[in-house]
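Reader: I would like a close look at a single part of this model. Please take me through it step by step.

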Amino acid sequence: MKIVKLHRKLSSVLKLSLALFFSFSLSLSAQDKPSDEQVKAGKALFNMHCASCHKLDKKSTGPALGNVAERRDMDWLKAWIKNNNELRASGDADAKAIYEEFGGVAMSVFEFLSDEQIEDIIAYTTVGDVKKAGAATAVQAVEAESTPSQVLPMIATIVVTLVLLALIGWVFLKSNNGFLKIFATIILVFLGVYFGFTALMSVGVDEGYQPVQPIAFSHKIHAGDNKIDCQYCHSSAKHSKTSGIPSVNVCMNCHKNISEVAEDTKIETKGKAYLDKEIQKVYEAAGWDSENLKYTGETKPVKWVRIHNLPDFAYFNHSQHVTVAGVKCQKCHGPVEEMDELYQYAPLTMGWCIECHKETEVNIAGNGYYKKIHEQLSQKYGVDKVTIAQLGGKECGKCHY
Amino acid sequence: MSRLFKITTVIAIVTLVFTSCDKTKRNLQYMPDMYQSVSGEPYEESDVFTNGIEAQQPVVGSISRGHIPYEYPDTNEGYEDAKMNLKSPLTAEDFDSNKEAQLFEIYCAVCHGKKGDGQGELVKREKFLGIPNYKDRDITEGSIYHVIMHGKNMMGSHASQLTEKERWLITKHVQELRNNLLK
């Protein structure tokens, strides 16, 4: 009897505590832990409307918004987001203070956002992003893979050369066989002529030249992955002789906002930690104070190393090729969008220029100005389409004067 | 003697093999006087100016040929002023929709999207967020030009990459895109 009573008592206590626990946890999830859908919707809205000026974890054009619900009342937030001008005009002290703190930059009016949408956005600022796991391990795996493919052929070449030289050396020094000696001499002469000729032909040719640049800028990340047009940065190619190395204000068009790379961004084996420092170098050159988001005025030039450089006796004009002829940048500079570290792709020799001038046909459609000369030239050479060489692209004086 | 000869040959060849693999150095130049310009090359280091840079800003107060000064200041008031009063100097003959679209795709579409809906490549890849759809913004030709000129919030000034005429061509294209989005 006694035991049963105790049992009943216990079970009722359990029931009560369970009920309490559930009601508590329910209320928790309703208030402090927003649902996944809410956060997802909030993130989409945040990225569309807020993220150009606000970040979660650091100051941008406007204040950092992570856990903003802890600092501000929900009704105040709604009033501010919908129409901050009205709120300031109504004499709200907090509204005026934050406006002044951020230098009087007017925030856009978002009257089209509903109360639920604003709640979703605030829910997202409370929960934040979920960090992706496994990004670091992926980088390491790539690191291990990439090394042998580059080193193996080089080692093989060196070994073969050494073995060959050792054999020849042995023939000359140790062997008494006359035939072998003559044979070895012939091989030596051939090798000497071959290597000597190759060495002479490469004088002044810098194909494959890949100097170390002051900032590890990756064309692959910018032009390849993010598909930024070549001419966005090299903006003088369309009007000028040189394609132009962008000044850092062009970098800052994006990097004012992008102060660090994504978790999985990498150049060969170097990951986020290394690349974030490279962005800091841009800030240093531009004189950008990334703490206070202001230019300090103390700039210093970035000493990029020029790769493609024609000798002084040859004239080349970018605008003529890019704007008039519409030649793709990759035709001469190679697959730049795949290069982490830029190198000279083409030999830039005269033979190489002429080769292209002989092959490339001039686009004469819709060019009334040159119609007559094009017709005469195509009659003279008996062809439908005139090549650059036939138009005078092989004359010495066009490039050498 | 022969041993010495042998060792030096091997060392010479090995060093030759290794040095010729150094990609970070330019190749040998024959008669470099013909290669290297006596006059200044673009972006060179130079002793001519005190800061050691060859590329200089125009002298304060001078105006280079063809440059037209832009008088609306980079402030909230300047923006409102330009929005109300600034008008395009271009006439119908200056427009070429291919050219406008081409410029827009090079300089704007990577963030703003080809249609101006704020869905450019950088936005899709979540590199640059919060690009508005043109239809959600109350903009005029004056305000569009003003923003290309001075930038606004996180958008930087694109004045250095474009000539005055190109900026107005892009302005025209933005207006067209906005009208298409508002339909």
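How many residues does the contact take from chain A, and how many from chain B?

Author: This is a predicted model. The contact takes 48 residues from chain A and 37 residues from chain B. On the side of chain A that touches chain B, four helices each supply at least two residues: α2 (36-50), α8 (135-173), α11 (230-233) and α12 (248-255). The residues of that side divide into 24 nonpolar, 19 polar and five charged.

Take α2(A) next. Within chain A, α2(A) packs with helix α7 (residues 115-127). The angle is about 95°, and the axes are 7 Å apart. Angles of 65 to 115 degrees count as roughly perpendicular, so α2(A) is roughly perpendicular to α7(A). From α2(A), the residues making this contact include Val39(A), Leu45(A) and Phe46(A). From α7(A), they include Ile121(A), Tyr124(A) and Val127(A). The residues of the contact of α2(A) with α7(A) divide into nine nonpolar, three polar and two charged.

Now the loop between α10 (219-225) and α11 of chain A. Lys227(A) lies there. Leaving aside its neighbours within four places in sequence, Lys227(A) is in contact with Val110(B) and Glu121(B). Lys227(A) has 15 C-beta neighbours inside 10 Å. A residue is buried at 20 or more and exposed at 12 or fewer, so Lys227(A) counts as partly exposed.

Last, helix α17 (residues 371-381) of chain A. Of its 11 residues, the number buried is zero, so α17(A) lies largely in the open. Just after α17(A) comes Gly382(A), with a positive phi of about 65°.

Terms used
Residues are numbered from 1 along each chain as its sequence is written. Chains are lettered from A and ligands numbered from 1 in the order in which they are written. This is a predicted model: local features need pLDDT of at least 70, side-chain atom pairs count only at pLDDT 80 or more; totals for chains, interfaces and linings use all residues. Two residues are in contact if their C-beta atoms, placed from the backbone, lie within 7 Å. Ala, Val, Leu, Ile, Met, Phe, Trp, Tyr, Cys and Pro count as nonpolar, Asp, Glu, Lys and Arg as charged, and the others, Gly among them, as polar. Axes are lines fitted to C-alpha atoms, for helices over the stretch in contact, and angles run from 0 to 180 degrees between N-to-C directions. Angles under 35 degrees count as roughly parallel, over 145 as roughly antiparallel, 65 to 115 as roughly perpendicular and the rest as oblique.
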